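Colleague: I am new to reading protein models. Please take me through this one, feature by feature.

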Amino acid sequence: MDRLTKDTYRVRFALPGNSQLGLQPGQHLILRGIVDDLEIQRAYTPISPANAEGYFEVLIKCYQMGLMSRYVESWRAGDTAFWRGPFGDFFYKPNQYGELLMLAAGTGLAPMVPILQSITDNEDDETFVTLVGCFKTFESIYLKTFLQEQACFWNVRTFFVLSQESSSEQLPWSYQEKTRFGRLGQDLIKELVSCCRRKPFALVCGSAEFNKDIARCLLCAGLTEDSYFLF
């Protein structure tokens with residue numbers, strides 16, 4: 001268990017032998033746990049490469065009063081967890097879209113990671129990607145190294161929106177030009193859609209409120225209901 005922020009972990013689970021999950025990029029699993037004799041279930045998307053052998057990794061955010069959070073924070077190396085799946089209605093195919101506009105809030109970044117990695121791992125996939133990660137602060141951005149590496153590919157751009165910061169002066173220089181402050185709203189969505197290099201298909205993942213707001217903004221920006229997917 002690797003603690004990324006004060007409330008979020010990257011957790012690696014071993015699989016028997018060198019077996020693989022066999023998930024398609026963007027599909028998720030259901031974690032089952034028992035707390036106070038209550039069975040609880042939550043959905044998580046693995047962030048490890050789809051072809052990873054012998055393991056998979058997930059991002060898990062813990063909440064102060066959350067039952068699943070109590071279960072997760074009780075884990076120790078060597079414990080066994082019970083997962084089932086795969087689930088999910090979005091199946092990415094190489095070159096299916098001209099450009100993917102990925103809009104993620106917090107751990108909503110998770111389903112974007114395997115899709116993005118599958119694109120950059122495939123020399124024949126020429127899909128453009130614009131990824132926008134929404135976080136409270138710079139320190140709370142997950143997977144910074146991975147995202148920086150991905151942004152080095154010719155077809156990938158990354159941007160960030162920080163809701164609890166207001167100045168770029170304290171940011172590393174490499175983030176200053178690609179970071180906005182406040183909330184991801186209608187004006188910025190329109191700007192992002194208009195600067196896409198090809199006709200975009202949007203992938204959206206965050207809280208229910210975030211998904212609802214972004215879907216409305218995408219429609220206002222000229223996208224149709226069949227031009228985006230909400231995780």
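Modeller: Start with a term. Next, the ground rules. This is a predicted model: local features need pLDDT of at least 70, side-chain atom pairs count only at pLDDT 80 or more, and totals for chains, interfaces and linings use all residues. Residues are numbered from 1 along each chain as its sequence is written, and side-chain values use heavy atoms, with hydrogens and water left out.

Colleague: Where do the domains lie in the chain?

Modeller: Domain bounds come from an automatic or database domain assignment. Here domain 1 covers 2–87 and domain 2 covers 99–230. Their centres, taken over C-alpha atoms, are 24 Å apart. Contact means heavy atoms within 4.5 Å. Domain 1 gives 13 residues to the contact, and domain 2 gives twelve.

Colleague: How much area do domain 1 and domain 2 bury between them?

Modeller: Buried area is the accessible area (1.4 Å probe) that two parts lose on being put together, summed over both. The two domains bury about 1100 Å², 74% of it on carbon and sulfur atoms. In domain 1, Pro 25, Ile 47 and Leu 59 lose the most area to domain 2. Together they make up 39% of what that side buries.

Colleague: How should I read an aromatic pair?

Modeller: A pair of aromatic rings is described by the distance of the centres and the angle of the planes. Rings of Phe, Tyr and Trp (its six-membered ring) pair if their centres lie within 6.5 Å; planes under 30 degrees apart are stacked, over 60 edge-to-face, and the rest tilted. The whole structure has 15 aromatic pairs. Phe 56 and Trp 83 have ring centres 5.5 Å apart and planes at 85 degrees, so this pair is edge-to-face. Phe 56 is in strand E5 and Trp 83 in strand E6, 27 residues apart.

Colleague: And the backbone?

Modeller: Most residues other than glycine have a negative phi, and most peptide bonds are trans. Asp 36 has a positive phi, near 50 degrees. Asp 36 lies in the loop between strand E3 and strand E4. The peptide bond from Gly 85 to Pro 86 is cis, with omega near 10 degrees. Pro 86 belongs to strand E6.

Terms used:
Helix = DSSP H or I, 4+ residues; strand = E, 2+ residues; numbered from the N terminus.
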